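Biologist: I want to know what stands behind each label in this model. Take me through the terms one at a time.

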Amino acid sequence: MKNILYIASEAVPFIKTGGLADVAGTLPRYFDKSKYDVRVMIPNYKCIPQKYKDQMNFITNFYMDLNWRSQYVGILEMEYEGVHFYFIDNEFYFDGFKPYGYIHQDIEKFAFFSKAALSSLPLIGFKPDIIHCHDWQTGLVPVYMKERFHDGDFFRDMKSIMTIHNLKFQGIWDVKSVKDITALPASYFTPDKLEAYGDANYLKGGIVYADKVTTVSESYAEEIKMPFYGEKLDGLMRARSGDLTGIVNGIDYNEFNPETDPLITRNYNQVTFRKEKVKNKIALQKQLGLENDPKKFMIGIVSRLTDQKGFDLIAYVMDELCSEDVQLVVLGTGEERYENMFRHFDWKYNNRVSANIYYSEEMSHKVYASCDAFLMPSLFEPCGLSQLMALRYGTVPIVRETGGLKDTVQPYNEYESTGTGFSFMNYNAHEMLRTVNYAKSVYYGNKREWNKIIDRGMKMDFSWNSSARKYEALYDSL
């Protein structure tokens, strides 16, 4: 039996700001329970819903030094859907309405969390063989494991894995403050360890000291070795490339299942979609005040409205994109200029553009189930989950070939009749527009081929099961 502990700053269902929470909260359910005991440890944020707090059991508490300060550490636990969760409690650090605040506060908060997580291990009756850390917030865990938590029998043979969900976020602050907060010796703040470009960098520390490094798709693992995607750490990624693997995230196939989904108007599956899927489209057209036309090509976007997601490309060709034979449904919030751009086009082309500048889980399911195509032209995309949901719901993805998008969407080939979506390579608005127009021409001009693309997409398996098998192989290799 291998004992694995996930240490992360968020996990579903307790707290979520992004895909990291899905990985930390959902993936542990999918391991072979007879061989792997996978548990999860996150901060006990004040903003975790009360219904979960009521189910937590108090284990113990102690005081821990964070350099010259003495800090309270409480440990709570509960089981959720067969997974054992631990919560590190400290009112001073985990107060507030959201999990993250100003970076200078977060730097201290997650130094505390990393150290408290390791300090609590001997007290919880669980000794991990492998500690699996996620993103910069836990970057200090592998560092502390090599620095002060390696003597004695308990920690000696423990291994660590660092997973990068998005290399853009690294946890950077000045060396003097970080030295003061972490109490790490000065020898740790050199360019081959935690120091990068004059500052201290938590993620870098984690990458340097972890036994293995993973990221959330094979293509992204290759891309981050190059300057364009490497966020100034490409040299380090090349140096660690022997220990670097990419494993694509999954989605919960029970939650995202067009056959049983209670949030959509009409359920359907891979056999019945030809007749039933369109009923979702008609219902959504009515709900959003779009022209009621079951045959019209409907493109969906569910996303944070930011540059990373390729909205500058969309902005550049928005008028051409909203041509008369297209309907565009947008759901999400983000940068003000993109929110306002979609509002403007909603006003300008009222019966064919619907801008929903908010986020709702229910509405997102409706968009996945109703649209014909799903547009995702990201500048970079470590893994991406939306395209996996689109495939699951028989909504054909149109993506840029980067990171996880490249790994999960196979471009349509009209000569061999293969592929599960449409893709373009260069970060270029007109190349994107050409690809959208090509998809549209297949939709209108060759419905049989279009349905075959949907059919192949719905057959793909991007459930957590396949990810879990790859992680199991990685754990065994350690």
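Biologist: Which helix gives the most to the lining of the second largest cavity?

Modeller: Helix α20 does, with four residues. One caution first: this is a predicted model, where local features need pLDDT of at least 70, side-chain atom pairs count only at pLDDT 80 or more, and totals for chains, interfaces and linings use all residues. Residues are numbered from 1 along each chain as its sequence is written, and side-chain values use heavy atoms, with hydrogens and water left out.

Biologist: What makes a space a cavity, and what makes a residue part of its lining?

Modeller: On a 1 Å grid over the protein atoms alone, a cavity is a set of points where a 1.4 Å probe fits but cannot get out; a lining residue has an atom within 4 Å of a point. A pocket is an open set with protein on both sides within 12 Å along at least five of seven lines. Two cavities of 30 Å³ or more are counted here. The second largest cavity holds about 30 Å³. Its lining includes L391, T420 and M458.

Biologist: How does the lining of the second largest cavity divide by class?

Modeller: Six nonpolar, four polar and no charged residues. Asp, Glu, Lys and Arg count as charged; Ala, Val, Leu, Ile, Met, Phe, Trp, Tyr, Cys and Pro as nonpolar; the others, Gly among them, as polar.

Biologist: What lines the largest cavity?

Modeller: Among its lining residues are I301, K309, F311 and P377. Two or more residues come from each of α13 (311–316) and β16 (373–376). The space is about 40 Å³. By class, six lining residues are nonpolar, two polar and one charged.

Biologist: And the largest pocket: what is its volume?

Modeller: About 1,500 Å³. Of its 47 lining residues, K16, T17, G18, G19 and D22 are the closest to its centre. The largest share of the lining, four residues, comes from α1. The lining has 19 nonpolar, 16 polar and 12 charged residues.

Biologist: Why is the pair F94 and F113 called edge-to-face?

Modeller: Phe, Tyr and Trp rings (for Trp, the six-membered ring) pair if their centres lie within 6.5 Å; planes under 30 degrees apart are stacked, over 60 edge-to-face, the rest tilted. The centres of F94 and F113 are 6.4 Å apart and the planes stand at 85°, so the pair is edge-to-face. F94 sits in helix α3 (residues 91–94) and F113 in helix α4 (residues 103–120), 19 residues apart. Both F94 and F113 belong to one aromatic cluster, along with others including W136 and Y202.

Biologist: Why is F94 called buried?

Modeller: Buried means under 20% relative accessible area (exposed is over 50%, partly exposed in between; 1.4 Å probe, protein chains only). F94 is at 1%, so F94 counts as buried. F113 is at 0%, so F113 is buried as well.

Biologist: How do you know that T408 is buried?

Modeller: Its relative accessibility is 3%, so T408 counts as buried.

Biologist: What joins the side chains of T408 and Q387?

Modeller: A polar contact of 3.0 Å. The term means a pair of N or O atoms within 3.5 Å; within protein, one must be able to donate a hydrogen and the other to accept it, and residues adjacent in sequence count only if both atoms are side-chain atoms. The side chain of T408 also has a polar atom 2.7 Å from the backbone oxygen of G404.

Methods:
Grid points are joined across faces, edges and corners, and a volume is the space filled by probe spheres set on the points.
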